[in-house]
Amino acid sequence: MATGIPPRAIVEACQSVSVMACGGTYEYAIEEFCLGKFRLDMEELDQHHWCSWEDTVEPYGELTNCTYLIALKMDCFWPNRQVDEFFIRIHKHYFHDCSLSGRQLRDPPNHILGPFIVVPILVTLLMTALVVWRSKRSEGIV
Amino acid sequence: MQRRCFHSESSFVCCVWLYVAGGAGLYCNRTWDGWLCWDDTPAGTVTWQNCPNYFPDFDSTEKATKICSESGQWFRHPDTNRTWSNYTLCNFHTTGKLKMAYILYYMAIVGHALSIASLLISLAIFFYFRNLSCQRITLHKNLFVSYVLNSALTLIYLIAVVNNPDVVGRNPVGCKVLHFFHMYMLGCNYFWMLCEGIYLHTLIVVAVFAEEQHLHWYYLLGWGFPLVPASIHAVARKKYFDDNCWMSVETHLLYVVHGPIMAALLVNLFFLLNIVRVLVTKLRDTHRAESNMYMKAVRATLILVPLLGIQFVIFPWRPENRLAGEVYDYIMHILMHYQGLLVATIFCFFNGEVQAALKRQWIQYKAQWGQRRRDHCSMRSTSYTATSITEVPAFMYHHDCNSEHLNGRHTSEDSELVALKTGETYA
């Protein structure tokens with residue numbers, strides 16, 4: 001994505017913060033500098049693709065790197081409680097309805113599977129009846 | 001923890017899920033152990049799930065287990081004192097299973113090769129002995145051709161796709177097309193068996209001893225109709241379960257093809273039992289000779305239908321026990337892959353007419369060869385040749401295609417002379 005805050009700007013912004021508080025300030029910093037870009041990236045993706053690993057790995061990776069860099073520059077230990085809570089909020093917002101097995105292949109639900117199975121069976125029986133009827137008619141009964 | 005969340009899709013999903021909700025009571029917390037995600041487990045229980053397929057020697061049908069101790073903590077390995085999940089079963093039996101998989105694979109290849117050979121021989125016999133030709137033999141020929149094509153396609157599929165993990169990995173469109181044709185030919189096999197049953201039923205029960213039927217509808221049912229389930233399966237598979245080369249058998253979408261096949265087998269069985277009923281009750285008194293012959297004709301088809309169908313009945317129930325499972329696999333493979341050989345044997349090699357025609361041909365050949373040798377060896381051969389040719393045994397009666405002759409149609413070119421042996425196995 002072309003727009004977004006380059007890491008260098010984040011680093012410089014972080015260096016301007018005077019008090020190295022790894023609590024509230026850190027939390028403010030990651031929300032200010034990292035969350036915006038992530039939000040934009042995810043909005044670009046169609047909501048149906050949020051549970052798709054291939055599509056979300058890049059923005060998610062950038063977000064994680066961003067929090068790591070800020071922690072590094074603020075001399076904070078990483079990961080820490082603020083980052084954990086930050087990610088919990090992100091997961092609850094974006095990934096709350098992703099299934100546990102991810103995109104593992106599964107059968108369609110029964111209301112789709114049922115007709116797919118029953119209709120060919122019925123067509124088979126109809127076709128058989130048709131052939132029996134036609135072969136009967138083609139000579140008549142002796 | 002976020003760093004480990006990048007390992008793969010499974011870890012990503014697990015990490016997401018780990019954060020999302022919570023529970024209560026004495027239980028071991030849900031966790032990610034580096035390979036699999038484990039749910040909240042009540043204290044004092046052992047939880048399991050299927051092994052992952054990350055490694056080539058991991059069998060994803062085996063189980064990985066994790067113990068949750070009484071105190072609500074995950075089991076720690078005594079040596080390292082770290083939480084530990086038991087993945088030992090995942091690759092424990094792998095070499096043995098691999099060996100058995102190869103044995104079954106080669107068995108399948110041999111089965112199909114034998115089937116193709118025996119079916120081609122039978123087709124050659126049917127085409128060579130033109131006097132055997134009639135409508136029922138025409139249906140046999142179509143059935144044999146469909147079995148030959150099915151075996152050929154299966155062989156190609158086994159050799160080119162199943163034995164070739166990189167083809168499966170690449171997932172070309174060709175292997176899905178091959179799978180589609182494989183399903184189509186499978187349908188053709190069983191629908192031609194159904195055509196045989198319908199033909200006999202129409203011949204015996206509905207229009208007894210009538211003139212020749214029009215075979216167009218049989219061709220439509222045998223060759224044309226199986227396109228329908230195969231196409232529906234392809235569409236459904238593409239839309240809902242599009243795995244590599246459509247190789248997986250873990251999906252219920254296969255019933256889109258197997259369901260109509262089972263329906264055809266059941267309908268066939270019903271028709272054949274009806275024929276037997278009619279033959280036994282109605283024709284017993286009036287047309288004794290013909291009913292005997294038709295009973296023999298029906299017997300072959302009646303034997304084949306359960307044999308061909310039984311794999312669909314017992315297929316879902318693979319025993320859990322290892323040894324029983326292996327026996328099951330061997331039996332299923334024999335039933336599935338040697339069907340062509342079985343069909344050729346019962347419909348052609350055990351057919352009394354075919355045996356008689358072959359014997360006659362052999363006698364003629366021997367006589368001619370003997371005559372040629374005598375011509376070579378001596379000049380005084382004329383008296384011998386006269387007697388050797390007239391030694392051909394007497395009258396033959398066309399069992400199989402009897403109906404066409406009963407109405408007085410004379411087949412001038414083919415009143416063959418073969419001995420009529422009563423009680424001969426007639427298929």
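Me: Before we count anything, what counts as a helix or a strand here?
Reply: Helices are DSSP runs of H or I with at least four residues, strands are DSSP runs of E with at least two, and both are numbered from the N terminus. The model itself is predicted.

Me: OK, and how many helices and strands are there in chain B?
Reply: Chain B has 15 helices and six strands, and 47% of its 427 residues count as buried.

Me: Where does UniProt put the transmembrane regions of chain B?
Reply: The unreviewed UniProt entry places the feature "transmembrane region" at residues 12–32, 103–129, 141–162, 190–210, 217–236, 256–276, 297–318 and 330–350 of chain B.

Me: Take 103–129 of chain B, what does the chain look like there?
Reply: Over residues 103–129 of chain B the model is 96% helix and 0% strand, with the end C-alpha atoms 39 Å apart. The span 141–162 of chain B, which the UniProt record also lists, is 100% helix and 0% strand, and its end C-alpha atoms lie 30 Å apart.

Me: Switching to cysteines, how many disulfides are there over all chains?
Reply: The structure holds four disulfides over all chains. One of them joins Cys28(B) to Cys68(B), with an S to S distance of 1.8 Å.

Me: Which parts of chain B does the pair Cys28(B) and Cys68(B) tie together?
Reply: Cys28(B) lies in strand E1 (residues 27–28) of chain B, while Cys68(B) lies in the loop between strand E6 (63–67) and helix H2 (94–128), so the pair ties together parts that are 40 residues apart in sequence. Both Cys28(B) and Cys68(B) are buried.

Me: And is that link right-handed or left-handed?
Reply: The torsion about the S-S bond of Cys28(B) and Cys68(B) is about 95°, so this disulfide is right-handed.

Me: What about Cys51(B) and Cys90(B), how is that link built?
Reply: Cys51(B) and Cys90(B) form a disulfide with their sulfur atoms 1.9 Å apart, and with -80° about the S-S bond the link is left-handed. Cys51(B) sits in the loop between strand E5 (46–50) and E6 of chain B and Cys90(B) in the loop between E6 and H2, so the pair ties together parts that are 39 residues apart in sequence. Cys51(B) is buried, and so is Cys90(B).

Me: Where do Cys175(B) and Cys245(B) lie?
Reply: Those two cysteines also form a disulfide, with sulfur atoms 1.9 Å apart, and the link is left-handed, with -100° about the S-S bond. Cys175(B) lies in helix H5 (residues 173–206) of chain B and Cys245(B) in the loop between helix H7 (227–240) and helix H8 (255–281), so the pair ties together parts that are 70 residues apart in sequence. Cys175(B) counts as buried at 3% relative accessibility, and Cys245(B) counts as buried at 0%.

Me: Is Tyr128(B) buried or exposed?
Reply: Tyr128(B) counts as exposed at 54% relative accessibility, whereas Phe129(B), at 5%, counts as buried.

Me: Which residues form the aromatic cluster in chain A?
Reply: One aromatic cluster is formed by Phe38(A), Trp50(A), Tyr60(A), Phe86(A), Phe87(A), Tyr94(A) and Phe95(A).

Me: Last one, which charged end sits over the ring of Trp74(B)?
Reply: The charged end of Lys66(B) sits over that ring, 5.0 Å from its centre. In chain A, Arg134(A) lies over the face of Trp133(A), at 5.7 Å from the ring centre.

Terms used
Residues numbered from 1 in each chain as written. Chains lettered and ligands numbered in written order. Predicted model: local features only at pLDDT ≥ 70, side-chain atom pairs only at ≥ 80, totals over all residues. Heavy atoms only, no water. Buried < 20%, exposed > 50% of the residue type's maximum accessible area, 1.4 Å probe, protein only. Phe/Tyr/Trp six-rings, centres within 6.5 Å; stacked < 30°, edge-to-face > 60°. Lys NZ or Arg CZ within 6 Å of the ring centre and 35° of its normal. UniProt positions renumbered as here; feature names shortened; annotations may be inferred. Disulfide = S-S within 2.5 Å.
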